[in-house]
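Please open the model in a viewer and keep the sequence panel at hand. The stops below are meant to be selected in the order given.

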Amino acid sequence: MNHALLSIVAVSGLAAAVSAQAFNFTLEAPATLPAARERTASGTDGSVYYMYGGQNGTVVANLDQLWSYDGTNWTLLSASGTGPGTRAGAVGAFDVARGKFVLFGGKLGFAAADPLLNDTWEWDATNGWVQVVTPTTPDRRWLVNNGVYVPGFGVMFHGGTAWDATGATYRSNETWFFTGTDWVLFSSSGPAVQDPMMVYRSGQNDL
């Protein structure tokens, strides 16, 4: 995989697509809407979009729900108090091969003293939320924004703002992937970034 093409490939690909045809945005009006929020953990299985947690301005409390959007309406899949708990800036992605929405890390609250997290959770329609305890775990972190599903690897993410073992904060340059039972460090040679955006291009097999 080519780790250097984190954002350039997406921009150049979009430019080529726009030159070929016009796209129009449509404002939808679903009957049900989640409360306004930012810094959610999200992912898609290719047809349904999943969104967990996040924060509403300076308020993080109560944003611990899992929602799905099927292109027509939003559906509450897990209510407050039934999942991994309140958090913002976590990793979220849908593991297509295993049929599970994966959640990792995030920040418990908005205050500077609120802890960063490094727990791993999975959700599916049959089992609901299940915490996965792994032999290896990335440092606590948030402001990762998104993960991606990569065939043959599983859920993968890069960067974020992290705490090391001493509690010191740093911007991570690591790329990790989740096999379903453990986290594996894939690379530590990428850019040290927070709030990144990462996509996987299956045709070129790169990030």
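**Starting point: Tyr 49**

Select Tyr 49, which is partly exposed at a relative accessible area of 30% (buried means under 20%, exposed over 50% and partly exposed in between, with a 1.4 Å probe and protein chains only). The model is predicted, so local features need pLDDT of at least 70 and side-chain atom pairs pLDDT 80 or more, while totals for chains, interfaces and linings use all residues. Residues are numbered from 1 along each chain as its sequence is written, and side-chain values use heavy atoms, without hydrogens and water.

**Strands around Tyr 49**

Strand 1 (residues 41-44) pairs with strand 2 in the antiparallel sense through four bridges; pairing requires at least two DSSP bridges between two strands. Ala 41 is opposite Tyr 52 of strand 2. Four residues separate strand 1 from strand 2 in a hairpin, and in its turn Gly 46 has a positive phi of about 110 degrees. Strand 2 is also joined by four bridges to strand 3 (residues 66-69), again antiparallel. There, Tyr 69 is the bridge partner of Tyr 49.

**Aromatic pairs**

The Tyr 49 and Trp 74 rings are edge-to-face, because their centres are 6.0 Å apart and their planes stand at 80 degrees. Tyr 49 belongs to strand 2 and Trp 74 to strand 4 (residues 74-78), so this pair ties together parts 25 residues apart in sequence. Trp 74 counts as buried, at 14% relative accessibility.

Now move to Phe 104 and Trp 183, a tilted pair with 5.0 Å between centres and 55 degrees between planes. Phe 104 lies in strand 6 and Trp 183 in strand 15 (residues 183-187), so the pair ties together parts 79 residues apart in sequence. Both Phe 104 and Trp 183 are buried.

**Nonpolar cores**

Which residues make up the largest nonpolar core? Its twelve members include Ala 41, Val 48, Leu 66 and Trp 121 (a core joins buried Ala, Val, Leu, Ile, Met, Phe, Trp, Tyr and Cys residues through side-chain atoms within 4.5 Å). Strand 2 (49-52), strand 6 (100-107) and strand 7 (116-124) each give two or more residues to this core. A second, separate core has eleven residues, among them Phe 104 and Trp 183.

How values were computed. Phe/Tyr/Trp six-rings, centres within 6.5 Å; stacked < 30°, edge-to-face > 60°.
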